[in-house]
Amino acid sequence: MNTAHILTAFDRDLEAAQALVVRMGGLVETALLDAAEALDTRDEDLAARVRAGDKAIDSLEDEINTRCALLLALRGPTAGDLRTVLTVMKIAASLERAGDYAKNLAKRTSALAQMPQVPGASGSIRRLAKAVVQMLTDALDAYIRRDLKLAEDVRRRDRDVDQMYNSIFREFLTHMMEDPRTIGPCMHLHFIAKNIERVGDHATAVAEQVIYLVTGALPEDERPKVDSTGTGT
Amino acid sequence: MDDMRGTVRDIGSTTMKISASDVQVHYGQNHALKDVSVDILDRAVTAFIGPSGCGKSTFLRCLNRMNDTVASARVSGKILLDGEDIYDPRVDPVQLRAKVGMVFQKPNPFPKSIYDNVAYGPKIHGLTRNTAELDEIVESSLRKAALWNEVKDRLDAAGTGLSGGQQQRLCIARAVATGPEVLLMDEPCSALDPIATAQVEELIDELRNQFSVVIVTHSMQQAARVSQKTAFFHLGNLVEYADTTEIFTNPKDPRTEAYITGRIG
Ligand SMILES: Nc1ncnc2c1ncn2[C@@H]1O[C@H](COP(=O)(O)OP(=O)(O)O)[C@@H](O)[C@H]1O
Ligand SMILES: [Mg+2]
């Protein structure tokens, strides 16, 4: 629907809510990139900035929810308008969770800085983070452009991310068995990997909202979940 | 406190009550209704929505042959009620209208007592043999219209002395009194305040346990609240007909979406 409402204020309200969610997406992307960078380079200052930045993300979500509540109460949106409001709220919730994970990565960076390096770990985590941040970027692009194909693609890539996580899990298991001194850092790194994988789930959730927004229905097939670690949640 | 708004429930029925096919209506040169085909469920509320002049009332009036009374109107196509053609020459339109009752936009009680308003239909159709039976029909009709408790002590008072919402429920009681199977309502709440509207909506939700209800409404929210099926009319065409939830969350036709989201009047 690209024709305007008879009530122009309705259009302004809808556009404002969508602009906020896009801005929130930008902040979360940056937080994740910075958190991954901080982890990779053991940059504690950068990690501290990521932690501090989470407040702004949270308050954006609050503002989005307030505006959406008003839209629902005052304008009684239906059809595509209703889906726009609902998806804005759901995407904002996913982004808020992804922001929390970025903050958690940053916290663990400080803890890891005191521990011995685990050979090969930073490379695998870097690749995982790269894939997940790209998923989120694409999910947000798909949202902005209402791009079904890109959204479907993001959904598919979550499978690869799950597989990357599974192999990282096995890698860490091997290290821990071979050298118990790596148990401390490996536990942290494992949480880090798990949290990045969860961000992938949220990027997928955003992509699914795009599909709902455009088609009016969520994808019916259960998203293939590959978890061979036996720790699946 | 109970919420007075009707709740959206599953459609309890899959039985067709009315089946209309290729219905066309002309008023002189004005082609007001174009090729409308629709199946209306028994024991469900069907809402007709669409901009003014799109033909909602015209189609509603086809369903009980009220258009017969409009000199310039020409109706063609087929309308079956329980499989029987209501335009068959052997059908008595007066009998038909007892089976397919109608409630209008403005409450229009007769200038008579509350009792007589309800008793009028059963009397002229000879539905009762004595006053005891008539009393019974009056009471049960007023109960079905959720008005009995408010008027049982003043059945002799004038129907026109009731509040607007009560008058509309009195008209519903009057329509119900002849034992109809279908109730047609043409914007029944447009002259009522929000409380009276909520009461009538609640009533409609109850009526659908016994009747097939068809309601024309200008309030999109009302259609969404009270109906299980919604038909969207535009310029004399039936554009889209589907489950109400579908129409209001994911309409298929861009004209439906434009209308219900407030983009075309
Ligand atoms: N009694 C009538 N005589 C002539 N034209 C009529 C009559 N009733 C309705 N029309 C015309 O038929 C069209 C549909 O009107 P109507 O069914 O009343 O629309 P709606 O109920 O959707 O507002 C309009 O163009 C209207 O002018
Ligand atoms: Mg009308």
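Student: Which side chains of chain A and chain B meet in a salt bridge?

Tutor: This is a predicted model. The N to O distance of the pair is 3.1 Å.

Student: How many salt bridges does the rule find across the interface of chain A and chain B, and how many residue pairs are in polar contact?

Tutor: The rule finds one salt bridge across this interface. For polar contacts, both residues must be at pLDDT 80 or more. The count of residue pairs in polar contact is 11.

Student: Which helix supplies the largest share of the side of chain A that touches chain B?

Tutor: Two elements of chain A each supply at least two residues of that side: α1 (8-41) and α3 (79-113). Five residues make up the largest share. They come from α3(A).

Student: How do the residues of that side of chain A divide by class?

Tutor: Three classes are counted: nonpolar, polar and charged. The residues divide into six nonpolar, three charged and seven polar.

Student: How much area do chain A and chain B bury between them?

Tutor: The contact takes 16 residues from chain A and 14 residues from chain B. Carbon and sulfur atoms carry 49% of the buried area. The area buried between the chains is about 1,100 Å².

Student: Now the ligand. Which residue has a side-chain N or O atom 2.5 Å from an oxygen atom of ligand 1?

Tutor: Take the polar distances in turn. K56(B) uses a backbone N or O atom, 2.9 Å from a ligand oxygen atom. R61(B) places a polar side-chain atom 3.3 Å from a nitrogen atom of ligand 1. The residue with the 2.5 Å side-chain distance to a ligand oxygen atom is T58(B).

Student: What percentage of the area of ligand 1 does the protein bury?

Tutor: Start from the ligand taken alone, which exposes 560 Å². Of that area, the protein buries 65%.

Student: Which element gives the most to the shell around ligand 1?

Tutor: The ligand is surrounded by 13 residues, with G53(B), G55(B), K56(B), S57(B) and T58(B) the closest. In chain B, β2 (30-41) and α1 (56-62) each supply at least two residues of the shell. The top contribution is four residues, and it comes from α1(B).

Student: How many charged residues does the shell around ligand 1 have?

Tutor: Sort the shell by class. Five residues are nonpolar and six are polar. The number of charged residues is two.

Conventions
Residues numbered from 1 in each chain as written. Chains lettered and ligands numbered in written order. Predicted model: local features only at pLDDT ≥ 70, side-chain atom pairs only at ≥ 80, totals over all residues. Heavy atoms only, no water. Near = heavy atom within 4 Å. Polar contact = N/O pair within 3.5 Å; in protein donor to acceptor, adjacent residues only side chain to side chain. Areas by Shrake-Rupley, 256 points an atom, 1.4 Å probe, with all protein chains shown as cover. Nonpolar A, V, L, I, M, F, W, Y, C, P; charged D, E, K, R; others polar. Contact = heavy atoms within 4.5 Å. Buried area = accessible area lost by both parts, 1.4 Å probe. Salt bridge = Lys/Arg side-chain N within 4 Å of Asp/Glu carboxyl O.
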